[in-house]
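Visitor: I would like to go through this entry with someone who can say what each label rests on. Please show it first.

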Number of protein chains: 2
Amino acid sequence: MSENRQIIIDSLPTAKLTADNYKMISVPIPVPAAGEVLCRSLWVTVAAGARAGLQGSASYAGAPKTGVVMNGAAIARVQQSNDPQFTQGDLVVCGAGWQDYSVHSAQSLQKIEGNVAPVHHLGVLGTNGLTAYFGLLDIGKPQAGQTVLVSASGGSVGHIVAQLAKLKGCRVVGTAGSDAKAAQLTARLGLDAVVNYRSPDFRADLKAATPTGIDVYFDNTGGEILGSALFRMNEQGRIACCGVVSQYDTSTPAPGPKGIPGLLVNKRITMSGFLVFDFASRYAEARQQLTRWIESGELKPIVDEVQGLEQAPQAFVDMLAGGNIGTRVVKIAD
Amino acid sequence: MSENRQIIIDSLPTAKLTADNYKMISVPIPVPAAGEVLCRSLWVTVAAGARAGLQGSASYAGAPKTGVVMNGAAIARVQQSNDPQFTQGDLVVCGAGWQDYSVHSAQSLQKIEGNVAPVHHLGVLGTNGLTAYFGLLDIGKPQAGQTVLVSASGGSVGHIVAQLAKLKGCRVVGTAGSDAKAAQLTARLGLDAVVNYRSPDFRADLKAATPTGIDVYFDNTGGEILGSALFRMNEQGRIACCGVVSQYDTSTPAPGPKGIPGLLVNKRITMSGFLVFDFASRYAEARQQLTRWIESGELKPIVDEVQGLEQAPQAFVDMLAGGNIGTRVVKIAD
């Protein structure tokens with residue numbers, strides 16, 4: 001292969017994202033300058049948060065642009081290094097985006113070490129897992145015996161949050177978009193209940209699944225699930241605001257939930273938005289703890305692998321529709 | 001006077017509250033049993049939060065009822081005491097409601113001591129001032145040099161919050177319902193700016209008044225002001241959710257602000273609802289500090305006194321429409 005395939009953002013979605021918003025092009029493989037490293041991507045991520053980056057200027061992801069390579073983290077093999085810190089064959093995490101080859105400054109690369117399968121550095125040991133770890137433990141602060149609700153509990157972040165909450169001795173309730181997925185998640189993640197948020201009985205089902213109320217809500221979705229969860233929150237409850245996936249794939253975001261701010265006052269609830277980057281000084285600590293739980297078998301990260309770079313757009317569209325469980329990655333080379 | 005005048009809730013408001021929702025009746029003066037104290041009210045409160053108690057079952061104030069005396073704290077003089085802790089003539093704070101006489105268990109009374117004018121125990125040294133103190137200092141956590149926004153900054157809680165934030169070395173911006181009131185508040189409270197939230201230019205005015213953004217928002221109103229403030233919040237900002245006065249005097253509360261939860265995530269904002277009762281163990285500390293500030297002249301509590309029990313309903317209606325500055329009380333006896 002002497003060409004670099006790239007998937008670029010061809011147009012911005014005006015309503016729901018489709019694979020047609022992307023196109024694949026071929027360009028020459030880039031050449032690294034002094035201090036730079038040429039990387040060959042093996043897996044690239046398909047992350048719900050990236051949809052926010054296509055949606056306007058309010059996101060932490062910055063304003064959306066067309067004609068650029070779709071962004072996303074990747075696991076890559078060093079192909080050529082002009083920096084002494086890296087050698088050909090090293091595995092690294094880099095912000096490659098959806099393409100075969102990319103050039104990076106040495107200091108922007110994170111070398112992969114340890115015994116955990118490399119692909120997990122896009123999931124449980126990457127941004128997803130770190131987000132779950134700090135969001136649940138530092139923002140949500142669950143206590144053993146309390147009830148934790150996790151929306152999008154089958155998602156890349158949610159399926160880790162749900163397991164961490166079980167590890168902390170909590171009653172854990174998830175949400176999912178179908179009865180079948182709910183049943184599957186209950187079994188695979190060992191959850192106490194998973195509620196189908198698309199059911200007309202969602203509110204009643206959520207109430208039945210949280211008989212003593214909700215102490216911690218880890219919110220990946222916003223929207224109706226947040227609105228319903230607010231009414232089930234216990235006094236002094238904590239809501240960790242992680243993402244708003246219900247509002248990403250649309251050009252007309254819904255208004256906020258009715259219970260805000262009235263219910264926050266009456267129940268003394270704290271809602272805290274957070275971004276994982278604010279915890280960067282503690283990533284090493286978190287990765288060590290997550291690795292211990294993986295090695296002991298207490299934490300079972302799920303990787304959902306799609307084959308082929310050309311599949312990335314559709315894999316992204318399907319994920320936004322709730323079609324997968326675990327961290328979705330696209331394998332693009334061996 | 002041998003009768004006890006009472007203002008009772010005659011009907012629940014279906015839209016805006018009016019004085020006709022109340023009626024005055026006369027009943028015999030109650031007789032205290034052993035351990036009880038008969039109190040003669042001198043001032044009764046007219047408090048925005050009490051409107052929530054007329055509105056449904058979601059409030060901490062409980063479900064609304066008709067045929068009962070309108071609730072509210074009072075400053076009263078002990079008329080007859082069947083408990084050794086109190087003597088005729090003692091001044092107390094009690095939950096008398098809108099009536100001349102009431103009977104209380106001795107342990108439910110708070111004796112008024114110290115040199116501050118008794119009426120301030122319904123304002124700056126009562127629930128209003130304590131709410132301002134803990135909400136701003138413990139929930140808002142303002143730092144010198146930061147910008148604090150206070151909605152309803154002329155209100156019973158807001159006018160104290162605004163002054164405490166100035167005492168902490170902050171830039172303090174308030175909101176009010178007219179240009180005239182805004183100008184008056186700026187002058188009387190020494191604020192850096194007060195913005196008229198009813199102006200069509202409110203968003204632009206708020207932006208101009210907060211050139212470096214908002215670090216702490218003390219929210220007494222919810223509604224549109226909260227929605228606008230969210231867009232001016234700085235990263236890691238704190239919103240102390242104290243009340244929702246914009247939504248009390250209506251039967252059709254508005255949906256929540258659009259920026260929730262998206263802006264909370266992007267800016268890592270924390271919104272915390274609180275009730276002053278959760279800080280009961282620290283009331284003495286707060287009253288001491290507030291008293292020092294009053295005595296030094298650094299804190300100037302404003303009392304807005306209306307004359308006559310029969311005026312209480314209209315005084316309440318007018319206050320909900322934003323017609324006053326400071327803590328509104330009704331003087332009903334000397």
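Visitor: What makes β13(A) and β13(B) a pair of strands?

Guide: Two strands pair if DSSP finds at least two bridges between them. In this predicted model, strand β13 of chain A, residues 270-273, and β13(B) have three bridges, in the antiparallel sense. The cut-off is at least two bridges, so the two strands count as paired.

Visitor: Which residue of β13(B) is the bridge partner of S272(A)?

Guide: The partner of S272(A) is T270(B).

Visitor: How many residues does each chain bring to the contact, and what counts as contact?

Guide: Chain B gives 33 residues and chain A gives 33 residues. Residues are in contact if their C-beta atoms, placed from the backbone, lie within 7 Å. On the side of chain B that touches chain A, α8 (262-267) and β13 (270-273) each supply at least two residues. α8(B) gives the most, with five residues. By class, that side of chain B has 17 nonpolar, eleven polar and five charged residues.

Visitor: What are the domains of chain A, and where do they touch?

Guide: The domain assignment gives domain 1 as 3-122 + 302-331 and domain 2 as 127-277. Taken over C-alpha atoms, the centres of the two domains of chain A are 28 Å apart. In chain A, 19 residues of domain 1 are in contact with 16 residues of domain 2. On the domain 1 side, α1 (49-52) and β15 (327-331) of chain A each give two or more residues. α1(A) has the largest share of that side, three residues. The residues on that side of domain 1 divide into ten nonpolar, six polar and three charged.

Visitor: How do you know what confidence the predictor assigns to chain A?

Guide: From pLDDT, the predictor's confidence in each residue, from 0 to 100. Chain A averages 94, and 97% of the residues score at least 70. The model scores ipTM 0.87 and pTM 0.90. Where pLDDT is low, the predicted coordinates should not be read in detail.

Note on methods
Residues are numbered from 1 along each chain as its sequence is written. Chains are lettered from A and ligands numbered from 1 in the order in which they are written. This is a predicted model: local features need pLDDT of at least 70, side-chain atom pairs count only at pLDDT 80 or more; totals for chains, interfaces and linings use all residues. Two residues are in contact if their C-beta atoms, placed from the backbone, lie within 7 Å. Helices (H or I, at least four residues) and strands (E, at least two) are DSSP runs, numbered from the N terminus. Ala, Val, Leu, Ile, Met, Phe, Trp, Tyr, Cys and Pro count as nonpolar, Asp, Glu, Lys and Arg as charged, and the others, Gly among them, as polar. Domain bounds come from an automatic or database domain assignment.
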